[in-house]
Amino acid sequence: MNDNWIVKQTLSGVSQFDQSMVNSYPDSNEYLQNARAYLSTVGEVCNYVDASKMLDWAGLLPQGAEVLDLGCGGGWLTAMLSRVDSVKTVYALDSSQHFLHKLLPEVMTLMEGNAEKVVTLEALFQPLLFEESYLDAVVASSALHHADNLESVLKEIRRALKPGGLLVILNETPRTGVRFLVSVFVASLRILRNLATRRYMPVSPSISSSGYLYDPDLGDRDYPSWYWLEALTRAGFAVEAVMNTDMPTVKGSKGRPLIHFVCRAV
């Protein structure tokens with residue numbers, strides 16, 4: 001019997017995402033329980049897959065690449081990368097047991113991924129249990145906005161990457177300039193209204209000078225564009241490209257465009 005409370009608490013914390021999704025977004029169960037429905041959501045309803053195809057993965061990844069898919073979800077990007085000839089291993093890391101052990105194997109089959117290249121890791125963003133300068137590339141699709149300390153997570157990624165290693169942050173939707181300030185102002189008014197009316201909320205959105213925690217259940221944060229760039233620089237990355245895909249998250253909508261950051265460890 002393992003009496004180490006730290007181990008038990010960590011294992012419990014790692015798996016909390018699954019229950020949070022069920023509690024906060026019961027409608028999501030339909031596509032999270034079925035691999036075909038999941039792929040339809042990320043690839044047909046949303047632009048995540050199409051936006052990611054804008055990158056020349058074969059040209060970006062070196063021969064024999066060891067790649068970490070950080071916050072891999074159901075594994076569509078893992079499957080895509082496993083088909084790239086130059087990739088040796090894809091480490092699929094997520095905190096959701098359901099994603100890793102139920103959806104990902106089915107998604108790999110449906111997308112004709114190379115399962116022999118894939119290693120699943122049930123874990124959090126940090127610490128990354130890789131030796132220093134071990135990885136050739138880290139990819140993260142619509143994942144790093146969950147980080148409560150973006151710079152700290154980026155520094156941990158930098159530690160695990162080889163010098164010159166590739167970091168690609170995919171499918172984020174940062175606001176720029178005035179639009180971010182307006183969104184934070186409106187959110188502040190809502191928070192003040194709740195305080196004034198004594199509306200009880202067990203968990204609440206919060207605002208700081210670095211960003212806006214708009215979904216405290218799942219840890220979704222809205223970081224402005226300038227903050228992404230500053231955090232990347234401070235963490236030891238050179239930003240080679242900021243790609244505006246001109247694709248909103250949901251196809252046919254007028255939402256913010258999905259943005260990719262292509263970076264190198266310096």
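These notebook entries record what I looked up in a predicted model of one protein chain.

**Entry 1. Ground rules**

I number residues from 1 along each chain as its sequence is written.

**Entry 2. The whole chain**

I noted eleven helices and ten strands in the protein chain; helices (H or I, at least four residues) and strands (E, at least two) are DSSP runs numbered from the N terminus. Along its principal axes the C-alpha trace spans about 60 × 45 × 40 Å.

I then looked up the radius of gyration, which is taken over C-alpha atoms and compared with a globule rule of 2.2 Å times the number of residues to the power 0.38. For 266 residues a compact globule would have a value near 18 Å, and the protein chain agrees with this at 19 Å.

Of the 266 residues, 47% count as buried. Buried means under 20% relative accessible area, exposed over 50%, and partly exposed in between, with a 1.4 Å probe and protein chains only. Of the contacts (heavy atoms within 4.5 Å) between residues at least 6 apart in sequence, 71% join residues at least 24 apart.

Two packed helices are described by the angle between their axes and the distance between the axes. Axes are lines fitted to C-alpha atoms, for helices over the stretch in contact, and angles run from 0 to 180 degrees between N-to-C directions.

I found that the axes of H9 (residues 150-160) and H11 (residues 225-234) come within 9 Å and cross at roughly 40 degrees. The two helices are therefore oblique to each other; angles under 35 degrees count as roughly parallel, over 145 as roughly antiparallel, 65 to 115 as roughly perpendicular and the rest as oblique. The crossing of H9 with H11 is right-handed, a term used if the near helix is turned clockwise from the far one by less than a right angle, with anticlockwise being left-handed.

On the H9 side the contact is made by Leu150, Glu151, Leu154 and Lys155, and on the H11 side by Tyr227, Trp228, Ala231, Leu232 and Arg234. By class, I recorded six nonpolar, no polar and three charged residues in this contact. Ala, Val, Leu, Ile, Met, Phe, Trp, Tyr, Cys and Pro count as nonpolar, Asp, Glu, Lys and Arg as charged, and the others, Gly among them, as polar.

I also listed the buried residues of H9, namely Leu150, Val153, Leu154, Glu156, Ile157, Arg158 and Ala160. Their cover includes H11 and the strands E1 (65-70), E4 (135-141), E5 (161-172), E9 (237-248) and E10 (257-265).

**Entry 3. Helix H4 against helix H8**

The axes of H4 (residues 35-45) and H8 (residues 97-110) come within 9 Å and cross at roughly 70 degrees. That makes H4 roughly perpendicular to H8. I traced the contact to Ala35, Arg36, Tyr38 and Leu39 of H4 and to Leu103, Glu106, Val107 and Leu110 of H8. By class, it has six nonpolar, no polar and two charged residues.

**Entry 4. Single residues**

Threonine 78 lies in helix H7 (residues 76-82) and, at 0% relative accessibility, counts as buried. Not counting residues up to four places away in sequence, threonine 78 touches Asp69, Cys72, Val90, Ala92, Met108 and Val118.

Glycine 164 is in strand E5 and counts as partly exposed at 36% relative accessibility. Leaving aside neighbours within four places in sequence, I found glycine 164 in contact with Arg264 and Ala265.

Leucine 218 sits in the loop between strand E7 (211-215) and strand E8 (220-222), and its 14% relative accessibility counts as buried. Its C-alpha atom is separated by 7.5 Å from that of histidine 146, 72 residues apart along the chain.

**Entry 5. Backbone geometry**

Most residues other than glycine have a negative phi, and most peptide bonds are trans.

- A cis peptide bond joins glutamine 126 and proline 127, with omega about 0 degrees; proline 127 is in the loop between strand E3 (118-122) and E4.
- Asparagine 171, in strand E5, has a positive phi of about 55 degrees although it is not a glycine, and is buried with a relative accessible area of 2%.
- Arginine 198 has a positive phi near 55 degrees; it lies in the loop between helix H10 (177-196) and strand E6 (206-208) and is exposed, with a relative accessible area of 78%.

Key
This is a predicted model: local features need pLDDT of at least 70, side-chain atom pairs count only at pLDDT 80 or more; totals for chains, interfaces and linings use all residues. Side-chain values use heavy atoms; hydrogens and water are left out.
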